[in-house]
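Please look over the model below before reading on. The notes that follow are numbered and brief.

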Amino acid sequence: MSNSASIVNEVEERLNNEIEQLKKDIWRVGDPEKPQVAFGELFDDEQTQQHYEGLAATLKAAKKRGIVTYKSPILLKGAHDKVMVNLVDTSPQGESETTTNGVSSSKE
């Protein structure tokens, strides 16, 4: 494998890990009844601040992959604090397992 292919794989793996963590954080920080959270609330959470290099960039990548939705082209702290970030998969955390290619499979 070439060096550039190796770097691409590393970046892709890190992004996949961040998106998986993002799903958990939306459930943890947001409404326990449904997978949604205000951007400002997620941004201000201490654990979230310590984990992500760029929360807005991770959210944008998750939106492009169809994992989350939100009604703003960009997310900026302060200006977009009340924008709701919604998980597309609304099953409670732990009931389904998603692989890195986005295919869901139920746990038995």
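How many salt bridges does the structure hold? The structure has six, a salt bridge being a side-chain nitrogen of Lys or Arg within 4 Å of a carboxyl oxygen of Asp or Glu.

1. Basis. This is a predicted model, where local features need pLDDT of at least 70 and side-chain atom pairs count only at pLDDT 80 or more, while totals for chains, interfaces and linings use all residues. Residues are numbered from 1 along each chain as its sequence is written, and side-chain values use heavy atoms, with hydrogens and water left out.

2. Layout. Four helices and five strands make up the secondary structure of the chain. Helices (H or I, at least four residues) and strands (E, at least two) are DSSP runs, numbered from the N terminus. The order from the N terminus is α-β-α-α-α-β-β-β-β.

3. Surface and contacts. The chain has 108 residues, and 31% of them are buried. Buried means under 20% relative accessible area, exposed over 50%, and partly exposed in between (1.4 Å probe, protein chains only). Of the contacts (heavy atoms within 4.5 Å) with a separation of 6 or more, 49% link residues 24 or more positions apart.

4. Core. The largest nonpolar core holds 19 residues, and Leu22, Ile26, Leu59, Val68 and Val85 touch the most other members. Two or more residues come from each of α1, α2 (39-44), α4 (55-64) and β3 (84-87). Helix α1 gives the most, with five. A nonpolar core is a set of buried Ala, Val, Leu, Ile, Met, Phe, Trp, Tyr and Cys residues joined through side-chain atoms within 4.5 Å. In soluble globular proteins, nonpolar side chains tend to be buried together. Beyond four places in sequence, Val85 touches residues including Ile26, Pro35, Phe39, Leu59, Val68 and Tyr70.

5. Glu18. This residue sits in helix α1 (residues 3-29). Glu18 is buried but has no salt bridge; Arg14, the nearest side chain of opposite charge, is 5.6 Å away. Lys and Arg count as positive and Asp and Glu as negative, with His and the chain ends not counted. Leaving aside neighbours within four places in sequence, Glu18 contacts His51, Tyr52, Glu53 and Thr58.

6. Glu20 and Lys23 form a salt bridge, their closest N and O atoms 3.0 Å apart. Glu20 is partly exposed because its relative accessibility is 31%. Lys23, at 12%, counts as buried. Asp25 pairs with Arg28 at 3.3 Å between the closest N and O atoms. These two residues, Asp25 and Arg28, lie three residues apart in helix α1, about one turn of the helix. Asp25 is buried at 3% relative accessible area, whereas Arg28 is partly exposed at 36%.

7. Lys77 bridges to Asp81, with the closest N and O atoms 2.9 Å apart. Lys77 is partly exposed at 38% relative accessibility, and Asp81 is partly exposed at 22%. Elsewhere, salt bridges that share partners join Asp25, Arg28 and Asp45 into one network.

8. Thr48. Helix α3 (residues 46-51) contains Thr48. Why does Thr48 count as buried? Thr48 counts as buried because its relative accessibility is 2%.
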